[in-house]
Amino acid sequence: VSGTTTIVNTEEINLADNAIVFNSNHDANTAPSQDSGITVNRGSSTDQSFYWDESTDKWSIGHTESGGQFTSTANVAMIRTGAYV
């Protein structure tokens, strides 16, 4: 597949690989410049996203992705509670 957009209309995706790489075409010698994440289409309601925010260097929750940038509504804090087994 070549091009900038590929659309797959399916109800289920099964991947054998255990990792998905976003921005895979970003040159290793260039500083990161775009946020990257997953967006949920919510129809008539505002879409919501979970993404890496390059401006804060943190995982964030937000909406309204445009041109590789998201509008952040919160940063994600990882809190450990209880014992891990």
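1. W52 counts as partly exposed, at 25% relative accessibility. Partly exposed is the range between buried (under 20% relative accessible area) and exposed (over 50%), with a 1.4 Å probe and protein chains only. This is a predicted model: local features need pLDDT of at least 70, side-chain atom pairs count only at pLDDT 80 or more, and totals for chains, interfaces and linings use all residues. Residues are numbered from 1 along each chain as its sequence is written, and side-chain values use heavy atoms, with hydrogens and water left out.

2. The whole structure holds two aromatic pairs. Rings of Phe, Tyr and Trp (its six-membered ring) pair if their centres lie within 6.5 Å; planes under 30 degrees apart count as stacked, over 60 as edge-to-face, the rest as tilted. F50 and W59 are stacked, because their ring centres are 5.0 Å apart and their planes stand at 0°. W52 and W59 pair edge-to-face, with 5.4 Å between centres and 80° between planes.

3. F50 is partly exposed, at 40% relative accessible area. W59 is partly exposed too, at 42%.

4. D35 sits in the segment before β1 (36-40). Strands here are DSSP runs of E, at least two residues, numbered from the N terminus. D35 is buried and has no salt bridge, meaning a side-chain nitrogen of Lys or Arg within 4 Å of a carboxyl oxygen of Asp or Glu. The nearest side chain of opposite charge is K58, 13 Å away. What does lie 2.9 Å from a polar atom of the D35 side chain? The backbone nitrogen of E54 does.

Terms used
Helices (H or I, at least four residues) and strands (E, at least two) are DSSP runs, numbered from the N terminus. Lys and Arg count as positive and Asp and Glu as negative; His and the chain ends are not counted. A polar contact is a pair of N or O atoms within 3.5 Å; within protein, one must be able to donate a hydrogen and the other to accept it, and residues adjacent in sequence count only if both atoms are side-chain atoms.
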